[in-house]
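Subject: Structure handover

Hello,

Here is the structure you are taking over. My notes on what was found in it follow.

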Amino acid sequence: MPKIKINNLEIFADPGSTILEAAKEHNINIPTLCYYPDLHINSDCRICSVEIVGQKGLVTACSTPVKDGMDIKVNSPRALNARRTITEMILANHDAHCTTCIRNLNCELQTLADNLGIDATRYENILEPKAIDTSSYSLVRNPNRCIKCGRCIDVCQSVQSVSVLEIIGRGRESVVSPAYGKLIADVFCTYCGQCSSVCPVGAITEKDDTDEVWKALDAHSKHVIVQVAPAIRVSLGEDLGLPLGSIVTGKLISALKMLGFSKVFDTNFTADLTVIEEGHELINRISNKGVLPLITSCCPAWINFAEHEYPELIDNLSTCKSPQQMFGALAKTYYAKRENIDPKDIYVVSIMPCTAKKTEARRPEMSVNNEDPDVDTVLTTRELAKMIKQMGIDFNNLRESNFDKPDEVTSGAGAIFGASGGVMEAALRTVKEVLENKPLKILDFEQVRGTEHIRHADVEINGATYKVAIVNTLGSAREIAEQVKTGNSPYSFIEIMACPGGCVGGGGQPYGTTHAKARERMHSLYQVDRLSKIRKAHDNPAVSNLYTSFLGNPSSSIAHELLHTHYTNKR
Amino acid sequence: MILAEVLKRFPKKKEYLIEILLEYQKQKETHHFEEHELKEIANYLNIPESRVCSVVGFYTFFSTEPRGKYIFQICRDLPCQLNDNFDLLSSIQMILGIKVGETTQDGLFTLEYTSCLGHCDKSPAIRVNDKIHGSLSLNKLKAIVAECKEKENA
Ligand code: SF4
Ligand code: SF4
Ligand code: SF4
Ligand code: FES
């Protein structure tokens with residue numbers, strides 16, 4: 001083991017680790033800017049420059065491996081001066097109107113400048129303002145705030161294999177943008193939002209729709225209801241000062257009530273419904289020799305990807321709408337009728353971990369009256385946190401409340417939709433029990449859980465073995481889609497989620513989400529499931545009630561009209 | 001020359017991107033790339049279009065604007081500026097009658113900036129298509145232009 005010194009502290013570092021990793025291991029902080037835990041190290045920014053005693057130039061801690069005997073000074077005058085100079089130069093080419101930036105107090109550049117004690121800068125600001133890209137429903141790109149760290153490029157290329165973003169041009173004139181400097185809506189983007197999640201500054205953010213929601217909440221003519229996706233209850237707390245992985249379901253509901261929503265519903269309910277509809281679709285396809293593998297369709301970024309990159313697979317996609325859209329369709333039909341409210345007066349908001357859901361809600365198919373969207377506005381986890389702060393709510397001290405009927409009961413199966421592998425597990429609980437016609441002994445399908453980007457499992461149902469796959473990230477989705485396209489897929493059922501770890505790692509989750517953080521949230525979701533009284537979707541009495549009183553049977557014609565959809569070849 | 005024919009001569013490997021770009025741009029009358037061509041090259045090599053676009057944008061010898069037959073590129077870096085004792089930029093603009101970024105009416109000449117040509121020891125230098133001319137003087141510059149015109153009239 002290499003023995004090194006960092007800031008005079010003698011430590012044994014793991015062989016092959018970088019200076020940054022060794023320092024972190026021993027709780028020594030080295031500032032970084034372009035470095036991101038789950039991405040490639042491209043050492044662009046040189047903020048992590050440190051001095052090695054006896055060596056002439058500074059080295060970048062994020063990319064330099066430790067060597068036995070290294071004597072590292074993180075904050076030598078030379079290193080500190082380099083770091084300050086670079087930071088000041090970045091600030092000189094940056095729209096640093098921090099107080100009016102969405103990332104104010106939550107920005108890596110701001111934190112860096114603060115830690116370095118930069119209170120004046122030696123350089124004049126030379127920024128030439130460029131147009132802000134507001135072309136999409138999901139994301140806003142502000143090149144004036146971009147510091148060209150390259151994280152978004154890397155995540156889009158190497159994690160998602162979509163490659164929307166690149167450095168275009170050279171030197172000072174270069175910008176990070178889609179090809180030819182086009183608008184994001186004019187190129188093929190899945191709107192997964194992973195680029196916004198890794199951006200250290202306010203250069204890629206969700207399209208902020210909080211004003212729309214405040215307006216609706218203020219309009220007395222509107223009956224404003226809200227649905228909350230499974231993954232929100234295990235992530236929102238982070239943005240409001242609570243520890244990673246806190247389960248905040250009850251406080252979240254109270255907060256939404258305080259914001260003024262008339263009813264607060266749980267998307268887990270329509271997740272349960274999705275399990276029933278999709279489960280029956282799978283059973284039908286297996287027994288009637290339909291198109292297999294069946295591939296899940298609840299992730300809109302995956303759907304965008306499939307429609308554009310793999311239209312050959314459209315028949316493999318489940319025709320089920322996502323839980324968000326099932327909720328929207330039911331809200332403007334079943335709920336409107338039950339509550340005797342004109343659907344036109346119902347305003348549906350969803351709280352999602354997702355930027356792609358904003359665009360999904362605008363798909364023309366997602367409108368039961370072919371006029372207004374079923375889901376009027378989608379907010380991300382971050383936007384909800386913002387509204388809670390705007391309202392001055394002391395989140396941590398809120399009392400717990402329950403969801404409104406009929407969603408006060410939902411199953412643990414619906415809850416785990418927010419984790420990669422969750423839709424699979426939820427569906428298997430139902431499909432296996434229905435096909436075998438006897439109560440399941442073991443509810444936990446441990447073999448489908450985990451965070452690896454591609455996982456496989458063999459599932460026994462009625463003596464037959466079915467192969468299933470669970471996929472997260474679009475790069476891995478591409479691998480599996482190639483297999484299916486060329487007819488080499490051994491699977492019957494495949495779950496695909498665009499974000500690392502599934503929606504717990506969604507593009508609308510608190511900024512700076514890493515695989516490690518997503519994993520913590522995932523654990524919390526499984527805990528929600530474990531603690532649920534009902535853990536199988538088909539045992540949810542509210543869902544059964546919906547079928548008896550409104551939908552009839554799974555896959556009935558009304559179910560098809562409201563809960564299913566179709567896809568388009570967009571290549 | 002159609003792009004497909006150029007592509008045929010190169011293996012489908014991403015290492016050949018620059019060579020393909022250079023070769024096709026040389027063959028093409030307007031010495032520039034259009035969007036659909038970059039897309040075709042990206043598809044051929046199975047690499048993202050954004051990558052191809054980024055490479056074309058990075059190197060100054062590639063262009064996405066139509067250009068003339070003789071492309072004059074002036075270096076903007078320091079050594080060339082320091083050793084320039086006859087105001088290369090205004091001289092060439094005057095001789096060709098165009099500004100940087102423009103092409104002459106007859107489609108013969110285009111004037112562009114470039115980054116360092118790697119000939120700082122012979123600065124000031126310019127590149128005309130594939131060829132670099134160093135240690136320039138006003139007369140030498142005039143001769144280079146005259147030579148191009150002669151070739152056209154021959
Ligand atoms: S939203 Fe996803 S696909 Fe679109 S640019 Fe960002 S990372 Fe790439
Ligand atoms: S947009 Fe953000 S992530 Fe992308 S290069 Fe700019 S600062 Fe980095
Ligand atoms: S995995 Fe979840 S958060 Fe990510 S794009 Fe898909 S639905 Fe949205
Ligand atoms: S963090 Fe090391 S070079 Fe940017």
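Of the 154 residues of chain B, 42% count as buried. Please keep in mind throughout that this is a predicted model. Chain B exposes about 8600 Å², and carbon and sulfur atoms supply 50% of that area. Its C-alpha trace spans about 50 × 35 × 20 Å along the principal axes.

The secondary structure of chain B consists of seven helices and four strands. Read from the N terminus, the order of elements is α-α-α-α-β-α-α-β-β-β-α. Among contacts in chain B with a separation of 6 or more, 61% are between residues 24 or more positions apart. As for charge, chain B carries 20 positive and 22 negative side chains, and the centres of the two sets are 4 Å apart.

B:Leu3 belongs to helix 1 (residues 3–8) of chain B. With a relative accessible area of 5%, B:Leu3 is buried, because the cut-off for that class is under 20%. B:Gln27 is 24 residues from B:Leu3 in sequence, and the C-alpha atoms of the two are 9.2 Å apart in space.

Two helices of chain A

In chain A I looked at helix 10 and helix 16. Eight of the ten residues of helix 10 of chain A are buried, so this helix is largely enclosed by the rest of the structure. The buried residues are A:Pro300, A:Ala301, A:Trp302, A:Ile303, A:Asn304, A:Phe305, A:Ala306 and A:Glu307. They pack against strand 12, helix 12 (356–360), helix 16 and strand 17 of chain A.

Helix 16 of chain A covers residues 474–485. At 1.5 Å a residue, its twelve residues should span 16 Å, and the end C-alpha atoms are 15 Å apart, which agrees. The buried residues in helix 16 of chain A are A:Leu474, A:Gly475, A:Ser476, A:Ala477, A:Ile480, A:Ala481 and A:Val484. Their cover includes helix 4 (151–159), helix 10 (300–309), strand 15 (454–461), strand 16 (464–472) and strand 17 (493–497) of chain A. After helix 16 of chain A comes A:Gly487, with a positive phi near 75°.

Backbone points to check

Most residues other than glycine have a negative phi, and most peptide bonds are trans. The following are the exceptions I noted.

- The peptide bond between A:Leu292 and A:Pro293 is cis, with omega about -5°. A:Pro293 sits in the loop between helix 9 (267–287) and strand 12 (294–295) of chain A.
- A cis peptide bond also links B:Ser123 to B:Pro124, with omega near -5°. B:Pro124 is in the loop between strand 2 (109–114) and strand 3 (126–128) of chain B.
- A:Lys289 is not a glycine, yet its phi is positive, near 55°. A:Lys289 lies in the loop between helix 9 and strand 12 of chain A, and at a relative accessible area of 75% A:Lys289 is exposed.
- A:Arg46, also a residue other than glycine, has a positive phi of about 65°. A:Arg46 is in the loop between helix 1 (19–25) and strand 3 (49–52) of chain A, and its relative accessibility of 41% makes it partly exposed.

Regards

Definitions and conventions
Residues numbered from 1 in each chain as written. Chains lettered and ligands numbered in written order. Predicted model: local features only at pLDDT ≥ 70, side-chain atom pairs only at ≥ 80, totals over all residues. Heavy atoms only, no water. Buried < 20%, exposed > 50% of the residue type's maximum accessible area, 1.4 Å probe, protein only. Contact = heavy atoms within 4.5 Å. Areas by Shrake-Rupley, 256 points an atom, 1.4 Å probe, with all protein chains shown as cover. Lys, Arg positive; Asp, Glu negative; His and termini not counted. Charge placed at Lys NZ, Arg CZ, Asp CG, Glu CD. Expected span 1.5 Å × (residues − 1).
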